[in-house]
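Subject: Structure for you to look at

Hello,

Here is the structure I said I would pass on. Please open it first, then read the notes below.

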Amino acid sequence: MRGGDTTGLRAYNERLVMHALLQAGMLSKAEIARETGLSGQAASVIVNRLLEDGLLVKLDKVRGQVGQPSTPIAPNPEGAYSLGVKIGRRSVEAILINMLGEEMGASRVRYDAPLPEPTISTAIAQAVGLLGHLSPAARSRVVGLGVAMPDEIHAWSAELGLAPGALDGWRDADIGGAFARETGLPVTRYNDAAAACAAEMIAGHAITSRSALYIYLGTFIGGGVVIDGRLYRGEQGNAGAIGSMPTGSNGRGEAPGQLIHAASIFLLERELAAAGIDPSAALSAALADGSGERADAIFDAWAETACAELSRAVVSALSVIDFQEVVVDGFLPPSWRDRFTQRLAAAVERFNRSGLKAAPVLAGSIGPMARVLGAAMLPLKARFSPDTDLLVRSGMARDLV
C-alpha cells in the first residue's frame with residue numbers, strides 16, 4: 001500500500017512512516033520517502049511531526065559516504081509502551097514493553113487452577129504494578145493492554161482435576177471491562193495461542209514463509225494459522241484451534257477423542273507428578289535432585305504418544321491448506337522442544353503424503369514467553385502499522401516481494 005500527500009491521509013501516512021522505521025530500525029528522510037512512496041516534502045513534514053511528538057529520534061549524522069552527511073531517524077524506545085497479560089490454566093503472566101518490544105518489567109504467578117475471581121484479581125494487580133514503575137509522562141504513552149487467554153477456559157475443569165462448574169464464572173466475566181477500569185487503558189483480548197503465533201511473527205525468526213501452521217504446546221495444545229503472510233483468525237476468531245481436532249479411533253466403537261487429550265502438557269505434568277518429580281522444575285529445566293534421567297524418560301514416552309496423534313493432525317491440516325512450514329513452540333525446555341520437533345517431523349514423514357507438498361517441521365524461537373509477549377506486541381502493532389492485519393515481516397519471508 002502507498003501513502004498519498006493529502007491532509008485526509010495524515011494518520012495513515014504517519015503509520016506508514018512508523019512502520020517503515022520499526023521494520024528497518026533507522027532510515028534517512030530520503031530513504032523513508034522511498035520506502036513509503038511519499039514525496040520528499042511530505043515525508044519530511046511527517047517525520048518532523050513525529051519527532052516533535054517524541055515517537056522518533058534523530059541519531060548522529062553518518063559521514064564518510066558519497067554526498068552530504070545524512071541524519072538517520074529511528075523509533076524512540078521511550079516513545080510508546082504496551083502492556084500484555086496472559087491468563088492461563090496454570091499461571092498468570094504480565095509484561096511491559098517499550099516501542100521496540102524490549103522488556104521493561106515482567107511478573108509471573110503460578111497456581112493450581114484458574115479460578116475466576118482470584119485469577120482476575122491477580123492479573124489486574126500484576127498489570128497495575130508494572131504500570132506503577134513508569135513515570136507519569138511514560139505512563140501517558142502506554143498505547144494499550146492486550147490480554148491473551150484460552151477462548152473457552154471454563155470448558156476444561158475435568159481435565160484440570162476440578163469439580164464440574166468450578167470455572168463457570170469465566171462465562172460471564174467482563175475481563176476487558178475489569179482491566180479497563182483499573183488501568184484506564186484500551187483493552188483487547190486475544191486467543192492465547194494466536195498471540196503466541198503473533199509474537200513469533202513479530203519478534204521471532206521461525207516463521208519465514210507466507211503460510212504456516214503454528215503449534216503451541218501449552219497446558220492444553222493450541223495453534224495459529226498464517227495465510228498469505230497474515231495471521232488468520234477466522235470468521236469466528238477460532239482458526240488454529242487444533243486442540244479440538246479429533247484423534248484416531250480407539251477401536252472400541254466409541255467416538256474419537258480430541259487432540260487436547262493426547263498432546264497437551266497437562267498429561268506430561270501428571271506423569272511427572274506421579275513419579276515424584278516436580279513438574280514445574282522439570283519444565284523449567286531446573287531439576288537439581290538427580291531426577292533428570294527419569295524426567296527425560298517420562299518426557300520421551302509422552303512425546304511418542306503425543307507426536308503420533310499430532311502428526312495425524314498436521315498431515316490433515318496440510319491436506320486442507322497448503323502450508324509451507326509447521327512451527328512448534330511452547331513452554332517446554334529448549335532441549336525437550338527440539339526433541340519433540342524432531343520426533344514430530346519423523347512421525348509426519350511416516351504418513352503417505354502423496355499429493356501433498358513437503359512442509360518442514362521447525363522449532364519456534366520465542367518459548368514460554370510467546371503468549372504474553374504477543375499480547376503486549378499486538379496493541380503496538382495495531383497502533384503503528386498501516387495494515388490492519390498482522391503480516392509476516394517482509395525481510396523474513398522468502399517469497400514476499
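A residue is called buried when its relative accessible area is under 20%, exposed when over 50%, and partly exposed in between, with a 1.4 Å probe and protein chains only. This is a predicted model, in which local features need pLDDT of at least 70, side-chain atom pairs count only at pLDDT 80 or more, and totals for chains, interfaces and linings use all residues. Residues are numbered from 1 along each chain as its sequence is written, and side-chain values use heavy atoms, with hydrogens and water left out.

The protein as a whole: there are twelve helices and twelve strands, taken as DSSP runs (H or I, at least four residues, for helices; E, at least two, for strands) and numbered from the N terminus. Of its 401 residues, 50% are buried.

Which residues of α11 are buried? They are Trp336, Arg337, Phe340, Thr341, Leu344, Ala347 and Val348. Viewed down the axis of α11, they fall within an arc of 135 degrees, so they line one face of the helix (the arc uses directions from the helix axis to the C-beta atoms). On the other side of α11, Pro334, Gln342 and Glu349 are exposed.

The buried residues of α11 pack against several elements, including β8 (212–217), α10 (292–320) and β12 (361–363); contact means heavy atoms within 4.5 Å.

Regards
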